[in-house]
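Here are some notes to read alongside the model, written for someone meeting it for the first time. Please keep the 3D view open as you go through the points.

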Amino acid sequence: MRGTPYVAVVGSGVAKDELYEKAHEVGRLIAERGATVVCGGLSGVMEAAARGATEAGGTAIGILPDEDRRRQNEYLTYSVATGAGQARNLAVVCSGDVVIAIGGEYGTLSEIGLARKVGRPVVVLEGWDLGEHVSVASSPQGAVEEAFGLIGR
């Protein structure tokens with residue numbers, strides 16, 4: 001792989017306390033390794049990862065479901081308004097060289113499935129353990145280390 005790695009961070013649009021902090025830490029660690037965070041651009045895990053990345057001096061890109069960027073979280077460096085609704089999940093995972101899934105419900109499960117379908121490796125932190133189809137991490141540090149290992153960085 002050449003250039004700056006992109007790490008897609010996916011997860012629940014509602015994340016509080018510990019889950020938010022873990023996603024924030026993942027975003028920070030990704031930025032500190034010189035990579036770009038790609039997310040769905042809204043709240044919860046997406047906001048936390050973008051916040052961690054930009055507070056660490058990195059870049060966060062949001063792929064929004066709406067046709068209007070006004071719903072984006074305030075921590076994005078760049079946003080892309082798709083008007084595609086949940087179908088934007090494919091754009092999120094295809095934009096990453098690797099995907100880190102943090103918590104989440106069925107939207108996150110769809111992103112994991114799409115990521116695997118298009119050949120992106122997936123690391124799960126506090127979420128959908130799908131056996132041999134994903135790597136499971138027990139901490140933000142472990143998730144980022146595993147993600148970078150999967151893309152040879």
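**Notes on the predicted model**

1. Let us begin with the pocket. Strand 1 (6-11), helix 3 (88-95) and helix 4 (106-117) each supply at least two residues of the lining of the largest pocket. Helices (H or I, at least four residues) and strands (E, at least two) are DSSP runs, numbered from the N terminus. Helix 4 gives the most to this lining, with three residues. On a 1 Å grid over the protein atoms alone, a pocket is an open set of points where a 1.4 Å probe fits, with protein on both sides within 12 Å along at least five of seven lines, and lining residues have an atom within 4 Å of a point.

2. A word on how to read the values. This is a predicted model, in which local features need pLDDT of at least 70 and side-chain atom pairs count only at pLDDT 80 or more, while totals for chains, interfaces and linings use all residues. Residues are numbered from 1 along each chain as its sequence is written, and side-chain values use heavy atoms, with hydrogens and water left out.

3. Back to the largest pocket, which holds about 230 Å³ of space; a volume here is the space filled by probe spheres set on the grid points, which are joined across faces, edges and corners. Its lining has 16 residues, and G11, G13, M46, Q86 and G107 lie nearest the centre. By type, the lining divides into five nonpolar, eight polar and three charged residues. Here Ala, Val, Leu, Ile, Met, Phe, Trp, Tyr, Cys and Pro count as nonpolar, Asp, Glu, Lys and Arg as charged, and the others, Gly among them, as polar.

4. Helix 3 deserves a look from the end. Its buried residues are R88, N89, V92 and V93. Seen down the axis of helix 3, these fall within an arc of 135°, so they line one face of the helix. The arc is that of the directions from the helix axis to the C-beta atoms, and buried means under 20% relative accessible area, exposed over 50%, and partly exposed in between (1.4 Å probe, protein chains only). The buried residues of helix 3 pack against strand 1, strand 2 (36-39), helix 2 (45-55), strand 3 (60-64), strand 5 (98-102) and helix 4.

5. Helix 2 has V45, M46, A48, A49, A50, G52 and A53 as its buried residues. What covers them includes strand 1, helix 1, strand 2, strand 3, helix 3 and strand 5. After helix 2 comes G57, with a positive phi near 90°.

6. Which residues touch the most other members of the largest nonpolar core? They are V7, V9, V26, I30, I100 and I102, in a core of 35 residues. Such a core is a set of buried Ala, Val, Leu, Ile, Met, Phe, Trp, Tyr and Cys residues joined through side-chain atoms within 4.5 Å. The largest share of this core, seven residues, comes from helix 1. Apart from it lies another core, of 14 residues, among them V92, A101, I112 and A115.

7. Leaving aside neighbours within four places in sequence, V7 is in contact (heavy atoms within 4.5 Å) with I30, A35, T36, V37, V38, V98, I100 and F148.

8. One is L29, with a relative accessible area of 15%. The C-alpha atoms of L29 and A143 are separated by 9.7 Å, although the two are 114 residues apart along the chain. The other is H24, at 16%.

9. T77 lies in the loop between strand 3 and strand 4 (78-81). At 36% relative accessibility, T77 counts as partly exposed. Not counting residues up to four places away in sequence, T77 touches T54, G58, T59 and A60.

10. Finally, please check two backbone angles. Most residues other than glycine have a negative phi. D17, in helix 1, has a positive phi near 50° and is exposed, at 65% relative accessibility. E126 has a positive phi of about 60°; E126 is found in the loop between strand 6 and strand 7 (135-137).
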